[in-house]
Amino acid sequence: MPAVIAGAGSGKTETMSSRVLFLVANGVVRPEEILGLTFTRKASSELGVRIRKRLRLLQNTPLFEAIRHQRSKDNLDQNFVLDVPVMTYHSYAGRILGEHALRCGIDAPDEPIGEAQLWQMAHELVTNWHDETFRSESAVETVVKDVLALSSMILEHEVNQGEIFNRTTEITHDILEHLAQIEAQGSKSNEQVRRVQTVLSQRLDIFPMAHALIEQRKRAGLLSFDDQMSLAARIASQFPDVGEIERSRYKVVLLDEYQDTSQSQVRALSHLFGGGHPVMAVGDPCQAIYTWRGASAGTIGAFAQNFPLKDGGAPNVFSLPTTYRNEKKHS
């Protein structure tokens, strides 16, 4: 169960495909027992193609016949395709929901709603907000953006909305009271201080909107990508047998671009495949680009805590320090 720190152009895709070749060629697992996860459809396609190229090397070797013979002994189809299931993290979450969402009383749709539809829902909610006490100096688009960001973070970190609202209210009131005391002592307020006061006051009004947006999607049976990942993490944590099913289905798991996995993705994967299951994560903390969606550059550094060995020890960490993307050309 290694973690591989791989810089740009250092060969992380080749490392994953070579590991698949090693496992299959040595009869450790069958191709269909390996799960590969990455972020985009393009990346999953590229990884799948690279793995298929490596596995086709087996077809003209004695090892291939040994694999076919073993499958015959196991009463498996001998005319199998040397292929490994590779999908995106969100596609995998969608599959988990499709099979198990009813456990949470939810009939999950096949596809999540897109960013445009989600923005439209939030825009309609903000422009038609019923609270007459709400005041904002920001543009409607800015409020919509704030509502979407807050609802995303609530789902991402699986926090209790009431608790976070109460705690934020307490902190905000303390800050506003402190600023008021400074003014009362004769200190002149300036534009920056007034701006802070305005932003803090408006922030509290965003919470009910974010909560309403989440509830509106639930009632309408519309799930965003954030909803999908949050629900998948909840299912993985609340129903241990789901993990048993997935671990029996996939004997080895490969996690690509691990530095960009969000908190809900890590929760889901660690509950499904933690506790010593063979998992290899490949990533580069210097290439974390999804921090705005809950990812953290420190995620790959915490791999050992989320995926410890069966004896509780830490998995190995390897580095690919050499980049081959910009090789020096010789005349």
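Leaving aside its neighbours within four places in sequence, which residues is F273 in contact with? They are L35, Y92, E246, R247, Y250, V253, V279 and F307, where contact means heavy atoms within 4.5 Å.

Before I continue, a word on the basis of these values. This is a predicted model, in which local features need pLDDT of at least 70 and side-chain atom pairs count only at pLDDT 80 or more, while totals for chains, interfaces and linings use all residues. Residues are numbered from 1 along each chain as its sequence is written, and side-chain values use heavy atoms, with hydrogens and water left out.

F273 belongs to the largest nonpolar core, which has 30 residues. By nonpolar core I mean a set of buried Ala, Val, Leu, Ile, Met, Phe, Trp, Tyr and Cys residues joined through side-chain atoms within 4.5 Å; buried means under 20% relative accessible area, exposed over 50%, and partly exposed in between, with a 1.4 Å probe and protein chains only. Y92, L255 and F273 touch the most other members of this core. At least two of its residues come from each of β2 (34–38), α4 (89–100), α9 (225–238), β4 (252–255), α11 (263–273) and β5 (279–283). Helices (H or I, at least four residues) and strands (E, at least two) are DSSP runs, numbered from the N terminus. Another core, of 23 residues, lies apart from this one and includes L21, L47, L58 and L254.

I turn now to helix α5, residues 115–127. Its 13 residues reach 18 Å from the first C-alpha to the last, close to the 18 Å expected at 1.5 Å a residue, the expected span being 1.5 Å times one less than the number of residues. Which residues of α5 are buried? They are L118, M121, A122, L125 and V126. These residues lie on the same side of α5, because they cover an arc of only 130 degrees around the axis, taken from the directions from the helix axis to the C-beta atoms. Their cover includes α6 (140–157) and α8 (191–220).

Helix α8 also contains R194. At 39% relative accessibility, R194 counts as partly exposed. R194 and L179 are 15 residues apart in sequence and 9.4 Å apart in space, C-alpha to C-alpha.

Finally, the whole protein. It has twelve helices and six strands, and 41% of its 331 residues count as buried. Among contacts between residues at least 6 apart in sequence, 85% join residues at least 24 apart.
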